[in-house]
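Me: I would like to learn how to read strand pairing and helix packing in a model like this one. Could you take me through it step by step?

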Amino acid sequence: NPYKEQQVERLHNNILFRMRVLGYDLDRKEKTPVMVNAVFHTKKNGVQATGRYSQGTGRFTVLSGSEVDLVHPVIKNQGAVAARQHLFGTQTGKATLADDIELSSPSAAAVFVLGGSQNGWTEWVNEQGQTLDYVYKDYILGFIFYKFLSETEIARLRAEDWGAEDLKGLDEDDAETVQYVRDLCGYFISYNNLFSTWIASQGDFTIADVRDALSAFERNIDPARKRVFVGIFDTLQTGLSKLGTDEKSRSKAVRDLIYLIKDIPMDSRQDYDTLGFIYEYLISNFASNAGKKAGEFYTPSEVSQLMSEIVAWHLAGREEINIYDPTSGSGSLLIHIGQAVARRNGNPNDIKYYAQELKENTYNLTRMNLVMRGILPDNIVARNGDTLKSDWPWFDTDETKDETYEPLFVDA
């Protein structure tokens with residue numbers, strides 16, 4: 001639906017633009033980090049400019065020799081206007097920068113170079129074609145998933161006739177309540193750690209609250225659901241220290257981020273899966289911005305949907321179905337196949353999803369995406385492993401693999 005896609009795209013652009021211009025110190029865990037001493041460039045409108053991003057300050061330096069498009073005036077960025085006026089006066093056309101110039105953010109640098117109104121986080125790219133905003137993927141998706149789990153818990157408790165005062169009794173020290181919620185949801189989130197409580201606390205909310213909440217979540221997973229939830233926030237937890245140079249700046253970064261995603265609707269008034277749609281849109285957008293390496297974690301929607309319909313036609317009429325993706329990435333292909341099969345066979349809960357993924361960050365993304373699409377935790381069997389080296393499936397130690405090994409027979 002083009003209208004719905006436009007709504008989601010506007011929300012997505014708002015999240016990315018407003019968060020990125022804050023310029024917080026973020027990094028990505030790869031053998032060759034995209035941010036370390038990397039030179040980024042833009043070639044928009046025939047202009048060729050290069051620059052470097054500072055993780056410590058969030059500022060962006062446009063390097064000498066870069067071209068500046070003076071044909072297009074700057075829109076709503078007084079810093080860029082002043083810099084242009086100081087360096088080029090009344091000059092028009094295309095100018096060349098004689099010395100490096102440091103600006104407040106990647107977006108301010110893009111506006112200075114290109115004029116108009118620019119989102120520097122998607123405008124500046126490195127030699128591999130990867131944009132600056134790609135480094136934020138794990139943070140944004142992690143917080144969206146936490147919001148989903150938090151509000152899912154509230155929705156399920158309200159369906160059990162819990163009121164607002166009852167929710168305030170969600171306390172980790174109450175073993176009976178913890179067990180009740182874990183049986184209901186597969187995990188437990190206390191009242192103080194609910195996403196809605198974070199929002200309500202406003203200025204009192206700090207990054208320490210996030211650390212405590214993620215640690216508490218890990219402690220309170222239902223043992224029967226550990227395969228689905230254990231370690232799922234590891235990427236977010238370990239990356240919190242990179243959100244700024246000190247606790248104050250990190251807390252502000254977290255507050256800014258959760259306030260930006262708090263308005264994603266999750267109620268029954270929506271006529272489609274808003275949160276899931278936004279989640280997959282973000283995944284696909286990060287993939288498209290990641291350049292040639294995007295295929296490592298995302299199959300284009302059109303391709304996976306075509307494959308899904310072929311598989312679903314082949315499996316029509318089957319009652320119980322096992323689906324396996326040995327390189328699951330974001331899990332989008334599994335989701336599309338499951339949806340296509342369910343449309344033909346009727347009961348989505350008769351489908352079991354097996355997934356294996358080499359990279360830990362992407363493995364967590366697989367599990368998040370499957371859970372957010374309403375797939376029962378008991379129907380999700382995911383593993384972080386090398387498909388080319390490790391057989392499937394066993395989840396115990398190598399010492400006990402002969403006893404725990406079980407061959408997997410799948411339908412797709």
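**Reading the sheet**

Reply: Strand β8 (residues 351-357) pairs with β9 in the parallel sense, over five bridges. The model is predicted, so that local features need pLDDT of at least 70 and side-chain atom pairs count only at pLDDT 80 or more, while totals for chains, interfaces and linings use all residues. Residues are numbered from 1 along each chain as its sequence is written, and side-chain values use heavy atoms, with hydrogens and water left out.

Me: What makes two strands count as paired?

Reply: Two strands pair if DSSP finds at least two bridges between them, the strands (E, at least two residues) and helices (H or I, at least four) being DSSP runs numbered from the N terminus. Here, the bridge partner of Gln-356 is Arg-383 in β9.

Me: In what order do the three strands of the open sheet lie?

Reply: The order is β7-β8-β9, with parallel pairing. The edge strands, β7 (321-325) and β9 (380-384), each pair on one side only.

Me: Which strands does helix α15 lie across?

Reply: Contact means heavy atoms within 4.5 Å, and angles, from 0 to 180 degrees, are taken between N-to-C directions of axes fitted to C-alpha atoms, for helices over the stretch in contact. Helix α15 (residues 332-345) lies across β7 and β8 and runs at about 160° to β7. Helix α16 (residues 360-372) also packs on the sheet, where it touches β8 and β9, and its direction makes about 170° with that of β9.
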